[in-house]
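Here are some notes for a colleague who is opening this structure for the first time. Please keep the sequence and the model in view while reading the points.

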Amino acid sequence: MQFHHHGYVSTDPRVEPAAGVGLDRSDELPENVDVLIVGTGPAGMIAAAQLAQFPGVTTRIVDRRGDRLPIGQADGIQARSVETFQAFGFAGRITEEAYRITEMAFWKPDAHDPSRITRTARAIDDPTGISEFPHLLVNQARVLDYFAEFMAHSPARMKPDYGYEFQGLEVADDGDYPVTVKLVHSTGERQGQERSVHAKYVVGADGARSAVRESIGCTLAGDQALHAWGVMDALAVTDFPDIRTKCAIQSDASGNILLIPREGGQLFRMYVDLGEVSPDDHGAVRTTTIEQIIAKANEILHPYTLDVKDVPWHSVYEVGHRLTDRFDDVRPEQIGTRTPRVFIAGDACHTHSAKAGQGMNVSMQDGFNLGWKLGHVLDGRSPESLLSTYSAERQVIAQNLIDFDKQWSTLMATKPEDLDDPTELEDFYTRTAEFPAGFMTQYPPSMLIGEATSQDVATGFPIGKRFKSAPVVRVADANPVQLGHHHRADGRWRVYAFADAPRSGDASALTDWAHWLQTSAESPLRVHTPADVEIDSIFDIKVIYQQAHPEIDISRVPEVFLPKTGPFGLTDYEKLYGALPAEDIFELRGIDRCGAVVVVRPDQYVANVLPLTATEELAAFFRANLLAR
């Protein structure tokens with residue numbers, strides 16, 4: 001973490017200096033805003049947190065609740081989400097308080113006495129090491145708290161505006177603030193009073209019953225699985241031996257349980273199978289009492305017992321899989337004629353079962369994807385056409401999620417004797433581990449994603465997929481670090497230059513590339529970085545050498561990798577890295593020994609891979625998605 005470049009800091013370095021709209025932020029919701037976000041769930045809060053890094057953008061986030069969410073319904077945090085938390089600065093802290101999943105146990109009817117359940121298998125949660133980050137379980141409310149803290153500590157000094165309920169919106173054809181949003185005070189002395197807010201853009205992150213979605217003519221389409229589950233967070237005394245292990249429990253005749261241990265040592269969540277639901281049930285199953293859910297859980301757990309002492313939260317739901325055909329207000333016949341003004345994210349776009357642990361995770365990636373794009377457009381960095389990529393990218397991902405969840409939730413609800421193979425459930429869990437961990441997302445070529453014409457120079461960084469970190473050594477202080485952990489959610493592009501093999505003298509493809517980057521009129525650094533900002537405010541450029549750090553002479557490193565920043569013109573020494581002999585990043589990630597350039601978007605996805613010599617292609621790529629300064 002760097003924080004002395006503007007002068008000595010002795011207070012919490014996570015609290016950035018206020019700037020722009022953060023200097024005189026009003027507690028009152030203003031009449032005009034750049035972005036109005038509706039809903040303080042995961043999608044809305046991560047989008048707001050990202051936009052808080054753009055102090056020139058007026059962003060407000062409203063919610064009908066009067067205060068923070070006390071108990072969240074989601075709890076599964078996949079490794080991809082923890083990578084994202086690292087970008088927002090709280091991966092370490094939330095990992096310390098969360099429950100960490102290392103394996104999953106599978107329980108089935110005892111072959112000798114089917115009325116009893118017995119453990120039949122254990123599966124390692126991440127057998128292939130797809131991430132250095134763990135799979136966690138923690139209350140959704142704590143995730144939102146961390147994003148709220150990040151927002152409050154960001155230059156824009158953002159915080160949620162509670163007590164406003166969305167009533168509707170209208171989009172005008174023109175004007176500085178073309179979206180008029182009608183709100184009503186939902187709490188406090190002004191409860192029931194209406195007011196209007198004018199916005200350039202609106203984000204609906206207001207859940208499965210989204211009023212924003214309805215206001216732009218989108219509907220959720222899909223199907224019901226006609227199968228109900230009771231879910232409870234519980235504190236209990238039990239003789240079930242795996243109560244602190246994630247379990248899939250299949251009984252002979254009573255149904256199934258998905259057991260999810262929670263943070264804090266004693267709390268756990270159970271998804272209890274309530275069986276098939278008649279098409280003409282009309283929601284009657286939702287009146288199932290907590291006592292009935294507990295009784296059903298005890299039937300499934302036989303011969304073990306569950307003496308429930310406290311239930312902080314419970315619910316009953318029917319599995320449904322629904323998706324909207326678009327994630328913004330541009331209708332199919334309008335594509336290419338205008339850019340979006342209203343967006344929807346998270347459960348407003350896609351609903352599915354909770355048992356795959358994907359709802360909060362995918363929703364956060366929706367918000368992360370959209371947040372930096374809105375920031376770039378409103379900050380004057382990118383054209384408005386950038387905003388059309390949000391729906392194009394995320395709608396496909398949501399469909400993939402629903403397809404996966406249908407398989408998983410169906411398997412979870414199937415009786416063991418009805419499976420094609422007795423080990424089908426655990427085999428599916430292991431075989432598909434990369435998908436629920438969040439790492440199967442791969443965006444197709446677009447203005448933001450290059451063609452894979454040079455993928456062979458860095459095979460371990462697939463274009464369109466998230467940047468998979470690897471260990472390196474920082475040259476200046478000999479500290480071993482994870483390269484990807486320095487990718488902060490600050491709205492900047494990352495450009496990683498992997499050096500070619502060292503030769504005698506200073507001549508190399510890397511030095512030629514560095515000279516072009518610093519001096520050429522076509523260099524993205526010169527074309528897209530405004531003259532009145534820090535040289536690394538748009539691009540964070542790092543170099544990774546093939547040799548070990550003692551062999552790298554800092555005095556001979558090209559100047560572009562040692563930028564001067566801040567009012568004192570201090571040198572930034574955290575751009576230079578060497579390979580670890582025992583864990584060579586060039587070997588781990590298939591980097592060509594002739595060097596490579598890996599371009600990573602602000603939301604951590606690999607946007608392009610090119611040889612060091614492909615300077616014209618690099619310049620053209622950024623011209624497609626960034627405006628000239």
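1. The second largest cavity in this predicted model has a lining made up of Arg80, Glu83, Gln86, Glu132, Phe133, Phe467, Ser469, Gly484, His485, His487 and Gln604.

2. The space in the second largest cavity comes to about 90 Å³. The structure as a whole holds 3 cavities of 30 Å³ or more.

3. As for the overall form, the chain has a radius of gyration of 26 Å, which agrees with the value near 25 Å that a compact globule of 629 residues would have. Along the principal axes, the C-alpha atoms fill a box of roughly 75 × 60 × 50 Å.

4. Of the 629 residues in the chain, 56% are buried, if one takes buried to mean under 20% relative accessible area. Among the contacts between residues at least 6 apart in sequence, 73% join residues that are at least 24 apart.

5. The secondary structure of the chain consists of 13 helices and 27 strands. Strands of a sheet pair through backbone hydrogen bonds, and they may do so in the parallel or the antiparallel sense.

6. Which strands pair with strand 11, which spans residues 194-204? Strand 1, covering residues 32-38, runs parallel to strand 11 and is joined to it by 6 bridges, with Val33 standing opposite Ala199. Strand 10, covering residues 179-185, also pairs with strand 11 over 6 bridges, but in the antiparallel sense, and here Val179 has Ala199 as its bridge partner.

7. A separate point concerns an open sheet of 3 strands, which has the order 3-7-4 and antiparallel pairing. Its edge strands are strand 3 (76-77) and strand 4 (99-101), each of which pairs on one side only. Strand 3 pairs with strand 7, residues 135-137, in the antiparallel sense over 2 bridges, and Gly76 stands opposite Leu137 of strand 7.

Notes: Residues numbered from 1 in each chain as written. Predicted model: local features only at pLDDT ≥ 70, side-chain atom pairs only at ≥ 80, totals over all residues. Heavy atoms only, no water. 1 Å grid on protein atoms, 1.4 Å probe; cavity = no way out; pocket = protein on both sides within 12 Å on 5 of 7 lines; lining within 4 Å. Points joined across faces, edges and corners; volume = space filled by probe spheres on them. Pairing = 2+ DSSP bridges. Helix = DSSP H or I, 4+ residues; strand = E, 2+ residues; numbered from the N terminus. Rg over C-alpha atoms; globule rule 2.2 N^0.38 Å. Buried < 20%, exposed > 50% of the residue type's maximum accessible area, 1.4 Å probe, protein only. Contact = heavy atoms within 4.5 Å.
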